[in-house]
Amino acid sequence: MYRIVTVCTGNICRSPMAELMLTHAFGRAGLGDDVVVDSAGTTDWEAGRPIDERAAAKLTELGIESHLHRARMFEPGWYRDRDLILALDLDHYRELRRDAPDDDARDRIHLLREFDPSTTDTALEDLGIYDPWYGDASDFEATWKMVDGAVDGVVRFVRHELDADRSDD
C-alpha cells in the first residue's frame, strides 16, 4: 500500500480538499486499492473539527463527500509511515523538513504544486497555496484550482513509483 499525507495548518481547508480530491483521482485511475491518502495539520488548533463548510461545498459540487473528515495534527511517526508527504504551503513545507528525523524522510516531503506541470519553471517559494479560511467562496475556488492542477501529476508520480516497486519484486 502506498501512503500519502497532505498537510496544511489546521487540517480543515486545504489539506482535506487535497486528500479527498487525490483519493477520488486514485479511484478513477484504478489505483484505489493501492493508494491511501489522508491529511493532517501542523497544529492541533482545529483537532476534531469537521472540514470547513466552504471547502465541503466546493467538494460537494465535484461529487466528493467530505462529511466524515475530522481534523487532526501530523504525528512524527508518519515520517516513517508515509511514502509521500505533501505540504500545501511553504511554511508547512519548511516546518515538516525542519522536523524530519533524517534525509530519507526529508526526501519524501514536497509541496503539492511541485506536481503541477504548469509550475515547472516556478520557484519553490511561489508554489504555496494560501489559506482560504480568511476569504470567501472565491478563495476556495482558487484553492481547488491550485490543488486540481497538481492532482494528475501526483497520480502519474505514484503510478510510476508503484510500477518501479513491482518491477523490483
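This is a predicted model: local features need pLDDT of at least 70, side-chain atom pairs count only at pLDDT 80 or more; totals for chains, interfaces and linings use all residues.

Q: How many bridges link strand 1 and strand 2, and in which sense do they pair?

A: Strand 1 and strand 2, the latter covering residues 35-41, are paired in the parallel sense over 7 bridges.

Q: What unit do these two strands make with helix 1?

A: Together with helix 1 (residues 14-28), strand 1 and strand 2 form a β-α-β unit, and this unit is right-handed.

Q: How many residues of strand 1 are buried?

A: Here is the general idea: in a regular strand, side chains alternate between the two faces of the sheet. In this case, strand 1 (residues 2-8) is mostly covered, with 6 of its 7 residues buried.

Q: Now the loops, please. Where is Asp89, and is Asp89 buried or exposed?

A: Asp89 sits in the loop between strand 3 and helix 4 (90-99). The cut-off for buried is under 20% relative accessible area. Asp89 has 18% relative accessibility, so Asp89 counts as buried.

Q: Which residues is Asp89 in contact with, beyond its neighbours within four places in sequence?

A: With those neighbours left aside, Asp89 is in contact with Arg14, Leu111, Gly128, Ile129 and Tyr130.

Q: Where is Asp116, and why does Asp116 count as buried?

A: Asp116 is in the loop between strand 4 (109-111) and helix 6 (137-168). Asp116 counts as buried because its relative accessibility is 9%. Leaving aside neighbours within four places in sequence, Asp116 is in contact with Met146, Gly149 and Ala150.

Q: What polar contact does the side chain of Asp116 make?

A: The side chain of Asp116 makes a polar contact with the side chain of Ser118, at 2.8 Å. The backbone oxygen of Asp116 is also reached, at 2.7 Å, by the side chain of Thr119.

Q: Is Thr119 buried or exposed?

A: Thr119 is buried, since its relative accessible area is 6%. Thr119 lies in the loop between strand 4 and helix 6. Aside from neighbours within four places in sequence, Thr119 is in contact with Arg113, Glu114 and Leu127.

Note on methods. Residues are numbered from 1 along each chain as its sequence is written. Side-chain values use heavy atoms; hydrogens and water are left out. Buried means under 20% relative accessible area, exposed over 50%, partly exposed in between (1.4 Å probe, protein chains only). Helices (H or I, at least four residues) and strands (E, at least two) are DSSP runs, numbered from the N terminus. Two strands pair if DSSP finds at least two bridges between them. A crossover is right-handed if, with the strands pointing away from the viewer, the path from the first strand over the helix to the second runs clockwise. Contact means heavy atoms within 4.5 Å. A polar contact is a pair of N or O atoms within 3.5 Å; within protein, one must be able to donate a hydrogen and the other to accept it, and residues adjacent in sequence count only if both atoms are side-chain atoms.
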